[in-house]
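This report describes the fold of one protein chain and the packing of two of its elements. The sequence and the structure are shown first.

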Amino acid sequence: MHAVSSEDKPSVTSRDLHAIVRQAFLRQKQRGQERLNGALSDAEITQYCPLNSETQQVIDQAIGRFGLSFRAVSRVLKVARTIADIEGEDNIGKAHLLEALSYRKR
C-alpha cells in the first residue's frame with residue numbers, strides 16, 4: 001500500500017458515479033422492477049436474476065464450499081444483479097457473481 005496524499009485524484013468523479021448509478025436505476029425500471037435490487041422478494045429474484053448454466057454452476061459450487069444458506073444465496077444474487085446493472089449488462093455473468101461472492105462476510 002502507498003500513503004494517501006492530498007494530491008491523489010479519484011479515477012471516477014462524483015458526477016460520473018452519480019450518472020452510473022442513475023443508469024443502473026433506469027435499467028431496473030426498464031426491466032419492469034417495482035423495487036430496487038436490494039429489496040427484491042424471492043419470486044422477484046427468480047424473475048430478475050436468472051442464471052445460465054455457467055453461473056448456476058458457480059453458485060452451486062459456492063453453496064457447497066461455503067455452506068451458503070438460502071438467504072445468503074438471495075443476498076449474493078441481489079448484489080450480482082446490481083453489479084451487472086452498473087456494468088450495463090442484461091444478464092448476470094460469472095464475473096458479476098464472483099465479485100458479489102467476494103463481498104460476502106465470512
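How many helices and how many strands does the protein chain have?

## Overall architecture

The model is predicted. The protein chain contains five helices and zero strands, and the order of elements along the sequence is α-α-α-α-α.

The C-alpha trace extends over about 45 × 35 × 20 Å along its principal axes. Of the contacts in the protein chain with a separation of 6 or more, 53% are between residues 24 or more positions apart.

## Burial and surface

The protein chain has 106 residues, of which 30% are buried.

## Packing of α4 and α5

Helix α4 covers residues 70–86 and helix α5 covers residues 94–102. The two helices pack with their axes 8 Å apart and at an angle of about 125 degrees. Angles from 65 to 115 degrees count as roughly perpendicular and those over 145 as roughly antiparallel; α4 and α5 are therefore oblique to each other. The crossing of α4 past α5 is right-handed.

Which residues form the contact between these helices? On the α4 side they are V76, L77, V79, A80, I83 and A84, and on the α5 side H96, L97, E99, A100 and L101. By class, this contact of α4 with α5 comprises nine nonpolar residues, one polar residue and one charged residue. H96 is the polar member and E99 the charged one.

How values were computed:
Residues numbered from 1 in each chain as written. Predicted model: local features only at pLDDT ≥ 70, side-chain atom pairs only at ≥ 80, totals over all residues. Heavy atoms only, no water. Axes fitted to C-alpha atoms, helices over the stretch in contact; angles between N-to-C directions. Helix = DSSP H or I, 4+ residues; strand = E, 2+ residues; numbered from the N terminus. Parallel < 35°, antiparallel > 145°, perpendicular 65-115°, else oblique. Left-handed = near helix turned anticlockwise from the far one by under 90°. Contact = heavy atoms within 4.5 Å. Buried < 20%, exposed > 50% of the residue type's maximum accessible area, 1.4 Å probe, protein only.
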